[in-house]
Each structure stands twice: as structure tokens, then as C-alpha cells.
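Subject: Structure for you to look at

Hi,

Here is the structure I promised to pass on.

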Amino acid sequence: MPQSKKASMAAPDRISALPDAVLQHVLTFLQAKEAAQSCMLARRWLHLWKSLPVLRVTGGHVQESREFMEHLLILRDRTPLDACILTFHRASYDDMRYVMLWIRYALLCQVRVLNVALSRAIFWQLSSAHLVSHNLTELNLDHVCVGDNFLDFSNCPSLEELRMTECFIHSDWISSPSLISLSIVDCYLSEETRIGISAPGLISLQIISFVGAIPLLEDMPGLVTAAVTFGDGCGDSSVRLAEREMVCDDTSCECCHGNNYCGVACCECCYGLSDASNAGCVLLNGLSAATNLKLVAESEVFIIRKDLRQCPTFSNLKTLFLNGWCVAADQHALICILQHSPVLENLTLQLSKTPEGSYAMKTTYNLLEQPFASENFKKVLVICPYVDQRVHNIVKSLSTYGIPPRKIYIKTDKEII
């Protein structure tokens, strides 16, 4: 048979025969420009890209996408978007208005998941205008600068997940009645004002290695899992407060060096800032409903020390992870938390190789007279490089307050004792 006849008898285009929904699902994995170029394949593909449920514009300079996006906004059908992903590695400040235009377009298309990750060379200032969307359920921000109104999500009643990574947060409040998951990782907060977090429906909270003042947490009665990690950049750490001369040198000051606090909300010695919004706990009260809690600090954290003087009851807490900050100088911080955790089941203590000398300041906490006695308590796991005097002191203190040695396990680099 001649070669030309064989070609004419080639197999039919089975891919083009697939339903529109299947073809569009495949196209959602492509960049928006690549998906639009599929219109050149055949007449069957001519309009498929116009109603894709995912808009993906990533990589390169914003200027390289401006002309294409201009045409896309005109030609694309106004069908709802499941997700919009905007990621750029290079940009100028002038490009911000275009990105905001694309964000507004996505919101008009009832986008459910919005990801914005911008250039690491500069921090982009997102518009301070309120976000308004009844459909947005998830917002992910990476390396952007956000102002006051942008983090007021009262006009986003369906928003459930908010993740911010390496962002500059210039705001007094993060507010959302519907939020159930909040993640703030490696972000920059103000050291001059304390940001408040009002999210009464929150179930999961993650605040990791931030720079700036510890946020003021309002009540979160439904909180299940919380992880808060304080690095050296924490504005309430003893290191940062000393650098900024926020802890006074007056050794007779009961707020800084004594066993009492004045209870006045504007006391800089008690709260490190002049604008603390109440005289109660800044951090721990908001975490008190958690079932699983992780509190890790690289150096002594001023606000935790203050909060523990009026320690709330962790009425639901079953799993607790702490590091060396709670057993430095003495074990009173640890014992205080345990005495206020009536249903605790598992405790993990992770000690560093070098004793935490920077936690040397002793404080009188809200200790109770009765021993720690959770009927459901199962075990303490102490993770350490080797068994030293710190470990012996921990075992002695826990035994004194009602935890028998048989429930205390020590895991070194080599074995579990």
C-alpha cells in the first residue's frame, strides 16, 4: 500500500474526542499562556481555554505577562474560577497595579483559592482596600506587604484558610469570623504595635519564626492545634527587649525584676509596648482551648513570663510540646503549665545541647498548692543530647509534683532510657 494511503488511514484523534471537562482538567496544569495556545491544535480546542477553572500565571517578570493578561481579561469567558495562581520572580513597583487588577478580576470570577507569590527582591505593597468576596475560601500570600484593610476579612464570609509566608504585615488586626486555619511563617510584624488576631472560629493556628512583637490573641474557643515558635527576631524576647532598652534597669521595678505585675494595660514594663489592648494574657489565653499545643522559644520570651503569672486553664490540652525555655533556672514555668492542664496525656520536652543560660531570670508564676494530677496522663518524653543535671532536675521536679518516674522516658541521641 502506498505511504500516502497509510497516512490517510491513520488512527482518529482520540484525545480530541474526550469530553470538554476532561480536556479542561488537563489544561489546568499548564500556564495560562500555554493553555491559550492549545486553540491552535484543532477546531475542537478553539474555545476550551476560555472557560478553564484554573488561571495559572507564574514565573518570569510581570511585564512579560502584561500584554497576554490584557487579552485574556477581554477574551476569557467570565466563568467561575476554582483557583488563581499568580507567581512572579521579578517585578518593579509599577507592576503592582497590574497584579491588583488581575486579583480583582479573579475575585469577580468568584475564585475560591487565591495564591499570590511575588518577587523576593522587593516587598510588594498590596492594596489596602478591603477584599470583598463571598466565594473565596483559601488565600495564600508569599513575600508581599499587606496593610490594615487588606487583613480585615469581614467581607469574605467564606474564607477558611489564610497562609502568609515571609510577608510584611503592617496592620493592627487580622480579623475574620469564618477563618478556621491561620498560618504565619517567617513574617515581619511591627515591633512598635502589637497586632491583634480575632478569629473566634479558628481550629488550627501556626505562628512560626516571626520578627516583631508577639500578636495579641483573642479567645479561640474551638482551637484544636496550635504551634508557636519564637526565634531571635521575636520583639518580646529578652535579647530584643534588651537591644531596644525596653526592660528597665531599675532592679526595684516589680514589673521587670520582681514577682508581681502592675496590671495596667499601658505599662511598658509589663507588656513591652505602650499599646497593649488589655491587662490580661497576651498569648496564652488565646491558646488555652487547644488540644495539641507546641511552644518553642530560642531565648526567654518576656510575654510568656508575664502571661504565666496569671496562667489560664488549658482545659482541653492533651498533647504538649515544649523546649528548654520552660525548665531554665528552675522548673516553675513547666510546673505552672502542667498544673493548669487537667486532662493532659502526653508531654514532650526537647532540650538543646547547650544549657539555656539566656533563660536565667527567675519568676514567681501562678503555681497551685496541689500536685499535678491528670487521671489520663500517660508519659513524659525528654529528648536531649545526653543526660545531664538538667534532666535530673526535671525528673525530680516532676516526681515532686505527682508524676511517677515510671512515666518519664528519656531519649538521648543514642537510646531511650
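Which residue lies over the face of tyrosine 409? That would be lysine 379, at 5.7 Å from the ring centre. I say a charge sits over a ring if NZ of Lys or CZ of Arg is within 6 Å of the ring centre and within 35 degrees of the ring normal. Lysine 294 also has its charged end over a ring, that of phenylalanine 321, 5.1 Å from the centre.

Before you go further, note that this is a predicted model: local features need pLDDT of at least 70, side-chain atom pairs count only at pLDDT 80 or more, and totals for chains, interfaces and linings use all residues. Residues are numbered from 1 along each chain as its sequence is written, and side-chain values use heavy atoms, with hydrogens and water left out.

Now the overall picture. The protein chain has twelve helices and 19 strands (DSSP runs numbered from the N terminus: H or I of at least four residues for helices, E of at least two for strands). Of its 417 residues, 50% are buried; buried is under 20% relative accessible area, exposed is over 50%, and partly exposed is in between, with a 1.4 Å probe and protein chains only.

Next, the aromatic rings. Searching the whole structure turns up three aromatic pairs (rings of Phe, Tyr and Trp, the last by its six-membered ring, with centres within 6.5 Å; planes under 30 degrees apart are stacked, over 60 edge-to-face, the rest tilted). One of them joins phenylalanine 88 and tryptophan 102: the centres are 5.9 Å apart and the planes at 45°, so this pair is tilted. Phenylalanine 88 is in the loop between strand 2 (83-87) and helix 5 (96-108), and tryptophan 102 is in helix 5, so the pair ties together parts 14 residues apart in sequence. Both residues are buried.

Another pair is phenylalanine 168 with tyrosine 188, stacked because the ring centres are 4.7 Å apart and the planes at 25°. Phenylalanine 168 belongs to strand 8 (residues 168-169) and tyrosine 188 to the loop between strand 10 (181-185) and strand 11 (196-198), so parts 20 residues apart in sequence are tied together. Phenylalanine 168 is partly exposed, at 25% relative accessible area, and tyrosine 188 is partly exposed too, at 32%.

Finally, take a look at helix 4 (residues 62-75), which has 14 residues. Its buried residues include Val62, Ser65, Phe68, Met69 and Leu72.

Cheers

Definitions and conventions:
The expected span of a helix is 1.5 Å times one less than its number of residues.
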